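Please read the numbered points with the model open.

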Amino acid sequence: MPKWGLAMKEGSVTSWLKNEGEEIKKGEVIVEIETEKVVNEFESPHDGILLRKILNENEKVSVGSLIGVLGEQNISSEEINKFVEDFQSNFVPLETAKEEIDLEKTILINNHSINYLNISDDKDENIIFIHGFGGDLNNWMFNQEELSNYYNTYALDLPGHGKSSKNIDFGNLNFLTDIIAKFCIEKKLKKVNIVGHSLGGGIGINLANENKDLVKSLILISPIGLGEEIDSYIKNFIEADSRKELKPELEKLYYDSTLITRDLVNEVLKFKRLDGVSESLNKIMKECIYENNKQKNNLIKILNNLKNKVDIIWGDEDKIIPSKHIKNLTSNVNCHILNNSGHMSHVEKSKEVNNIIKNSIN
Amino acid sequence: MSKKTFREALNEAIAQEMRRDENVILIGEDVAGGAGGKGDQDAWGGPMGVTKNLAPEFGRERIIDTPISESAIIGTAAGAALTGLRPIADLMFVDFLGVCFDQIFNQAAKFRYMFGGKAKTPMTIRTMYGGGVRAASQHSQSLYPIFTHIPGLKVVIPSNPYDAKGLFIQSIRDDNPVIFLEHKMLYDEVGEVPDELYTIPFGEANFTREGSDITLISMGKTVNLCNNVADEMKKENVSCTVLDLRTLSPLDEESILEAVEGTGRVVIVDESYPRCNIATDISALICDKGFSSLKAPIKMVTPPHTPVPFSPALEDLYLPSAEKIKKAIHSILV
């Protein structure tokens with residue numbers, strides 16, 4: 001059972017996609033796994049034969065538990081049995097989830113309490129992850145931990161989101177950008193690489209433009225500001241006040257809508273029901289994203305003139321902001337269109353996105 | 001967000017909302033305790049300590065101890081609500097509703113209607129219900145069906161700390177009389193509760209489990225019983241949906257019918273007396289609007305039609321239990 005994100009303590013199999021005895025290639029999806037927060041596909045770490053499925057569907061086990069056995073062709077039943085027995089008798093469930101959650105800290109910037117998660121501080125380069133509208137730092141659960149093996153990573157909750165202050169003074173792009181800039185000053189980060197999603201992408205572009213010395217590489221996932229079209233998702237997200245209204249909107253975010261579990265919808269509803277959230281989200285929407293049903297910001301020229309290394313990632317099935325916005329960009333921007341991916345490529349195609357990030361920074 | 005008890009969640013709801021809105025007052029027997037004579041101020045904070053630390057912060061003009069007169073407590077609150085305050089009135093045990101019922105069902109519930117909408121009665125009555133603590137017949141009842149019966153009253157019944165805080169804040173902010181029911185055995189239950197103010201809309205039930213074989217519907221403390229049963233039934237390869245009603249009035253009919261449609265087999269668990277209770281009310285709804293989904297008769301797990309026993313052995317036999325719920329489930333499984 002893999003560990004996705006720091007809070008994950010246990011998970012279950014929703015369905016096996018391969019049978020016992022089937023040949024598997026490294027990277028192929030073999031099983032779908034559900035956790036408290038999300039449903040996602042588990043890719044095989046190696047080539048081999050799926051010798052045995054250990055975990056049945058819908059049984060919850062702790063992170064690190066044995067869920068299946070992969071091996072070479074001619075391994076006997078007895079050998080597999082022995083391996084499983086040895087594993088189970090030596091297995092101790094991980095109990096580190098509690099301490100790791102305490103890694104999240106808050107910092108006061110422009111009178112707003114900003115919640116952030118920092119993993120690693122001994123690497124040469126820094127990454128700042130900026131989530132999108134209505135999201136929070138947990139959106140990066142398939143990216144941050146993995147990339148912390150190579151870089152110092154900081155994921156923030158924007159004002160009005162996650163665990164940061166819910167009442168915000170302003171909702172415009174400059175205000176949000178300034179929060180990030182001041183964060184870098186407070187944490188003494190002289191040079192950062194920005195990974196920004198959607199609204200976070202727009203903030204990243206603005207930040208690179210306003211702070212030429214601060215930003216090194218820009219990696220933008222489905223960013224705002226590069227075209228007029230944007231789905232009514234943002235307006236509907238704010239207005240939805242029930243599971244029934246919210247679920248179809250959240251499903252728009254993904255190519256694979258089965259990733260939206262009932263628990264996930266409930267978690268988003270709980271966030272929206274906190275005092276101050278509706279007002280803040282409305283402020284950001286009006287000041288930063290929409291005007292007369294069209295995108296408010298035009299960052300095309302700014303992006304085309306940036307001297308930074310820029311990589312843009314777009315899911316070809318993005319229902320929120322269409323991937324065709326890439327056409328407005330000049331050739332100094334590296335464009336990556338991902339197949340079978342929606343607005344949340346960093347979740348749906350995390351391996352590819354992580355590789356693009358590494359290539360961009362190195 | 002942090003782990004809080006049901007009691008702490010309620011205390012936070014009251015304290016934070018009283019800070020935000022100066023019109024909110026709290027009135028009841030020993031909601032502070034200790035006033036007068038040489039007694040400690042804030043000696044009690046209510047019989048279960050829910051309202052501790054409020055009197056020192058908000059003063060005795062907003063935290064009001066009363067004589068033992070339920071009709072005075074509720075009547076005062078109703079009048080105060082009419083004239084612009086948002087009172088929280090403590091009807092300590094729901095069993096005492098008889099003493100003040102006219103104030104509740106003929107006065108507070110009907111002011112807005114009978115004054116042609118020109119009056120509003122934004123009051124919240126919080127009250128303890130439920131058995132299991134050997135408090136005997138007059139201190140263990142679950143009389144919420146009587147409130148649900150009355151048009152003009154909203155009836156709220158949380159099963160966990162998160163719902164308790166959100167629903168209580170919603171109750172205070174609602175401009176109508178709300179009866180907020182707290183099971184006396186839930187106060188030490190722990191759950192994740194946001195530190196900020198938040199609300200939960202009325203009329204929205206919550207799915208705590210999802211399955212395809214059996215639907216369990218309940219309210220308040222018995223929801224937790226249903227959750228445990230659902231988890232145990234997995235070992236028998238039976239998957240259960242559990243629906244926590246959260247508010248009895250307004251009732252989330254849509255979710256009830258959706259839950260029934262998903263399985264076709266329903267067990268309703270209700271700790272109140274069996275005649276004319278919530279289980280019978282929902283059964284009628286399901287038979288009327290969800291008949292084509294049903295694959296078996298609707299089963300109800302309720303106490304028998306007797307007062308709540310004082311004898312521990314009898315009380316344990318009396319209350320809904322995991323065994324009784326499983327028996328009901330087995331009786332309608334294929």
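This is a predicted model: local features need pLDDT of at least 70, side-chain atom pairs count only at pLDDT 80 or more; totals for chains, interfaces and linings use all residues.

Is B:Glu12 buried or exposed?

1. B:Glu12 counts as buried because it has 21 C-beta neighbours inside 10 Å. A residue is called buried if 20 or more other C-beta atoms, placed from the backbone, lie within 10 Å of its own, exposed if 12 or fewer, and partly exposed in between. B:Glu12 belongs to helix H1 (residues 6-20) of chain B; helices (H or I, at least four residues) and strands (E, at least two) are DSSP runs, numbered from the N terminus. B:Glu12 is 183 residues from B:Asp195 in sequence, with 8.3 Å between their C-alpha atoms.

2. Residues are numbered from 1 along each chain as its sequence is written, and chains are lettered from A and ligands numbered from 1 in the order in which they are written.

3. Between the chains, 11 residues from chain B and 7 residues from chain A form the contact, two residues being in contact if their C-beta atoms, placed from the backbone, lie within 7 Å. The side of chain B that touches chain A comprises 6 nonpolar, 2 polar and 3 charged residues. Here Ala, Val, Leu, Ile, Met, Phe, Trp, Tyr, Cys and Pro count as nonpolar, Asp, Glu, Lys and Arg as charged, and the others, Gly among them, as polar.

4. Chain B is assigned domain 1 (2-193) and domain 2 (206-332); such bounds come from an automatic or database domain assignment. The C-alpha centres of these two domains of chain B are 27 Å apart. Their contact draws 26 residues from domain 1 of chain B and 22 residues from domain 2 of chain B. Elements giving two or more residues to the domain 1 side include helix H6 (144-148) and strand E7 (178-183) of chain B. By class, that side of domain 1 of chain B has 13 nonpolar, 10 polar and 3 charged residues.

5. For chain A, the assignment gives domain 1 (10-96) and domain 2 (103-361). Their centres, taken over C-alpha atoms, are separated by 33 Å. In the contact, 7 residues of domain 1 of chain A meet 7 residues of domain 2 of chain A. Strand E4 (residues 39-43) of chain A supplies the largest share of the domain 1 side, 3 residues. That side of domain 1 of chain A holds 2 nonpolar, 1 polar and 4 charged residues.
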